[in-house]
Amino acid sequence: MHVAIIMDGNGRWAQKQNKPRIEGHKKGADVVKQITTYAANHPDIQYLTLYAFSTENWKRPKMEVEFLMKLLDNWLKKELETYIKNEVKFDVIGDISKFSPKLQKRIQTTKEKTKHFTKLTQILALNYGSQDEILRAIKKLCRLGLEVSEENFVQCLDTANIPDVDLLIRTSGEVRVSNFLLWQIAYAEMHFTSTLWPDFTPEELEDIINQYKKRERRFGGI
Ligand code: IPE
Ligand code: IPE
Ligand code: MG
């Protein structure tokens, strides 16, 4: 199954303990490692997509944006061994051409070094916005001169060759999708939890998956 998570609440987690917002992002990165490792060893999860930076997140203070870029670069450098150890293939959706050449290179290297792994595909959504993705897909379709069909359109999305989302989770209590995978969640089951991302655990994920398994997915049928 394909699990997608809107990892929200890092800032509020930090504020609650009178720490700067960036401390929440640091703790949030630790949780990404835990959840990825857990998902890699979970028999039901083949794809895990994590919303890490949206096209709207550039609106944040420059210092916070710069910190997030640095955190991402360090994280990919440090956690390459986690990907290798757990046989996780790393992939990205979003327009990374807006990132520094150094970070783009780090992303490419991580993809290259993990491309043969098959236990889990972990997809980070980086400078990702669904509306931006859909517009880029339409431009690509036109550029390639392809007929407008569902099949061709889907192949022009960043998620080409990745199945649609089965389960969408958002932490922090907000009940909105914030421009995440609008096409790909057409028939996803949704779960909103008030847990802040830095407090999210593999146990809660397991509980959510167990609830998901009890749901009846009808896809418009009866
Ligand atoms: C999610 O946590 C992480 C990113 C968007 C990078 P937030 O930073 O949005 O935390 P809150 O929502 O302000 O608590
Ligand atoms: C969504 O969280 C984006 C990520 C988790 C990366 P935000 O905190 O940016 O979303 P809004 O602004 O509250 O909708
Ligand atoms: Mg937020």
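Trainee: What does the accessible surface of the protein chain come to, and how much belongs to carbon and sulfur atoms?
Mentor: The accessible surface is about 11,600 Å², with 53% belonging to carbon and sulfur atoms (Shrake-Rupley method, 1.4 Å probe). This is a predicted model, in which local features need pLDDT of at least 70 and side-chain atom pairs count only at pLDDT 80 or more, while totals for chains, interfaces and linings use all residues. Residues are numbered from 1 along each chain as its sequence is written, and side-chain values use heavy atoms, leaving out hydrogens and water.

Trainee: How many of the residues count as buried?
Mentor: Of the 222 residues, 50% count as buried, meaning under 20% relative accessible area with a 1.4 Å probe, protein chains only.

Trainee: Turning to rings, how many aromatic pairs are there?
Mentor: The structure holds 10 aromatic pairs (Phe, Tyr or six-membered Trp rings with centres within 6.5 Å; planes under 30 degrees apart are stacked, over 60 edge-to-face, the rest tilted). In one of them, tyrosine 51 and phenylalanine 180 are stacked, because their ring centres are 4.2 Å apart and their planes at 10°.

Trainee: Where do those two residues lie?
Mentor: Tyrosine 51 is in strand S2 (residues 47–54) and phenylalanine 180 in the loop between strands S5 (167–170) and S6 (189–192), so the pair ties together parts 129 residues apart in sequence. Strands here are DSSP runs of E, at least two residues long, numbered from the N terminus.

Trainee: Are they buried or exposed?
Mentor: Tyrosine 51 counts as buried at 8% relative accessibility, and phenylalanine 180 counts as buried at 0%.

Trainee: Which residues form the aromatic cluster?
Mentor: Tyr51, Tyr128 and Phe180 form one cluster.

Notes. Chains lettered and ligands numbered in written order. Helix = DSSP H or I, 4+ residues; strand = E, 2+ residues; numbered from the N terminus.
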